[in-house]
Amino acid sequence: MTRRLTGFQPTGKLHLGNLIGAMRPLVQAQERPDTRSIAMIADLHAMTMEHDPAQLRANTLQVATVLLAAGVDPRRTALIAHSQVPEHSELHYLLECVTGYGEAARMIQFREKSAGSPLPGFSAPSEGPGAGSKHVRLSLLTYPVLMAADILVHDSEQVPVGDDQSQHLELARTIATRFNTRYGETFTVPEGIRPESAARVMDLADPARKMSKSSPSPAGRIGLLDSPDVIRRTIARAVTDTVGIVRDDPAGQPGVTNLLGILRACSDRELGDLHSYGALKREVTDAVEAVLTPIRTRYAELAEDPDHVRKVLSEGKAWVRPRAAETVRRTRAALGLLD
Ligand code: AMP
C-alpha cells in the first residue's frame, strides 16, 4: 500500500487549477487499491501570514466541503484539518532540532513572502496578505519544517507537489535522511510526484502564470463555486491572441493553448471543428459548466449540514492518529526523550 499526502491551503477560494491539478488526481487515486491518500487542509499554514480567525474557520470548513462535493470519499481518503492532529505540531518541534536556520531562511517562498525587509527576512511583505503588518511571523520561516513534519508523521511515501512546493519537499527529504543517519532509521523518505504538465491550468488573464488563489486579479481564475454567469464572463474575457487559429502553440499562443487544455481536461468528447476563438470559448464554457454544476449542487447540499462536515474531519483525525502517534513515539525514543 502506497501512502500519499495531498495538502490544500484554506486561503482564498479553490479554483479550476486546484480541481484539475490536485483534487481530481486525489479522487482518481481512490480507485486504486494500492494507494491510500490523506487529504489535509493546511489550516496551520494559513496562519503564517496575517489572518482573520473567523475567515480561517470558514475557509477550513469550506475547503473540506468542496473536497467532499468534488468526490473525496471519506471512507477511502482520510480528510483531516492540519491543526486537529496535534502530532503534526509535536513532530514539528522535534524536527526543528535537526534543521539549520540557514536551511529554512533560504527557502524561496520565505524569501519572497518576507521580501522588502531592512533586516533580511524580517519585515512586512509589500503586498499580499501580510502587507502593512509590522513584522514577518516566525512561523513563516519555520513553516517548511512543519510541512516536513506533516509528511513524515504519516509515513507518506508520495507527495504530489507543484513547482512552488518542490523545494520544501526536498527539505523534508533532507531532514528525514539526516535524522535516519544521525539517530537511526525512523522516517520513510518521501518522494515528490508531479502532476503531468497538461494538468497545469494557467491564468486566463495572464497565461504566462499559473491560475492561482494569490494572483492579484480574479479575472484569470475560475472559482469552483462561481455562478454560471461569472464563469461565462470570465471565459469570454480570457486573453487570446491575434493569430486567429485554434491550435496548441504554448510559446506563440499560450492563451488559446490553455483554453484547449482546459477543454480536454473537462470534456471526453472529441474536439469538434473550432473555427474561431468565440466557438472555442463557448465550448470551454459548456465543458467547465458540465464539470462544475454537479460540484456546486453537491456543495449546496453539504453546506446545509456543517456538522456532518465536522464529523467527517473528526473521523479522519481518529483514522490517522494511531500511525502519527507511533511515528512521534519512535522519534522521541530515537532522540533520547523519556516515554
Ligand atoms: P494550493 O492550495 O493553492 O497550494 O494548491 C493545492 C493543490 O492544487 C496543489 O497540489 C497545487 O499543485 C494544485 N494547483 C494549484 N494551482 C494549480 C494550477 N493552476 N494548475 C494545476 N494545479 C494547481
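Colleague: What are the ground rules here?

Modeller: The model is predicted: local features need pLDDT of at least 70, side-chain atom pairs count only at pLDDT 80 or more, and totals for chains, interfaces and linings use all residues. Residues are numbered from 1 along each chain as its sequence is written, and side-chain values use heavy atoms, with hydrogens and water left out.

Colleague: How many cavities of 30 Å³ or more does a search of the whole structure find?

Modeller: Start with the general idea. Rolling a probe the size of a water molecule over the atoms shows where empty space is left. Here a cavity is a set of points, on a 1 Å grid over the protein atoms alone, where a 1.4 Å probe fits but cannot get out. Grid points are joined across faces, edges and corners, and the volume is the space filled by probe spheres set on the points. The search of this structure finds 1 cavity of 30 Å³ or more. The volume of the largest cavity is about 40 Å³.

Colleague: Which residues line the largest cavity?

Modeller: Lining residues have an atom within 4 Å of a point. For the largest cavity they are His45, Met107, Gln109, Phe110, Leu140, Tyr143, Pro144 and His168. By type, the lining has 5 nonpolar residues, 3 polar and no charged. Ala, Val, Leu, Ile, Met, Phe, Trp, Tyr, Cys and Pro count as nonpolar; Asp, Glu, Lys and Arg count as charged; the others, Gly among them, are polar.

Colleague: Which helix gives the most to that lining?

Modeller: Helices are DSSP runs (H or I, at least four residues), as are strands (E, at least two), all numbered from the N terminus. H6 gives the most, with 3 residues. Helix H5 (108-113) and helix H6 (138-153) each supply at least two lining residues.

Colleague: Let us stay with H6. Is methionine 147 buried or exposed?

Modeller: Methionine 147 lies in helix H6. It counts as buried because its relative accessibility is 8%. Contact means heavy atoms within 4.5 Å. Not counting residues up to four places away in sequence, methionine 147 touches Gln165, His168 and Leu169. His168 is also one of the residues lining the largest cavity.

Colleague: Now helix H3. Which of its residues are buried?

Modeller: An α-helix has 3.6 residues a turn, so residues three or four places apart point the same way. In H3, the buried residues are Glu87, His88, Leu91, His92, Leu94 and Leu95. They pack against strand E2 (35-41), strand E3 (78-81), H6, H7 and helix H11 (306-335).

Colleague: What does the side chain of threonine 99 reach?

Modeller: A polar contact is a pair of N or O atoms within 3.5 Å. Within protein, one atom must be able to donate a hydrogen and the other to accept it, and residues adjacent in sequence count only if both atoms are side-chain atoms. A polar side-chain atom of threonine 99 lies 2.7 Å from the backbone oxygen of leucine 95. Threonine 99 sits in the loop between helix H3 (87-96) and helix H4 (101-105). At 16% relative accessibility, threonine 99 is buried.

Colleague: And where is threonine 186?

Modeller: Threonine 186 is in the loop between helix H7 (163-183) and strand E5 (191-193). Its side chain reaches the backbone oxygen of glycine 184 at 2.7 Å. Threonine 186 counts as buried, at 8% relative accessibility. Beyond neighbours within four places in sequence, its contacts are Phe179, Asn180, Arg330, Thr331 and Ala334.

Colleague: How many disulfides are there?

Modeller: A disulfide is a covalent bond between the sulfur atoms of two cysteines. The rule asks for a pair of cysteine sulfur atoms within 2.5 Å. By this rule the structure has 0 disulfides. Cysteine 97 is partly exposed, at 47% relative accessibility. Cysteine 266 is buried, at 10%.

Key. 1 Å grid on protein atoms, 1.4 Å probe; cavity = no way out; pocket = protein on both sides within 12 Å on 5 of 7 lines; lining within 4 Å. Buried < 20%, exposed > 50% of the residue type's maximum accessible area, 1.4 Å probe, protein only.
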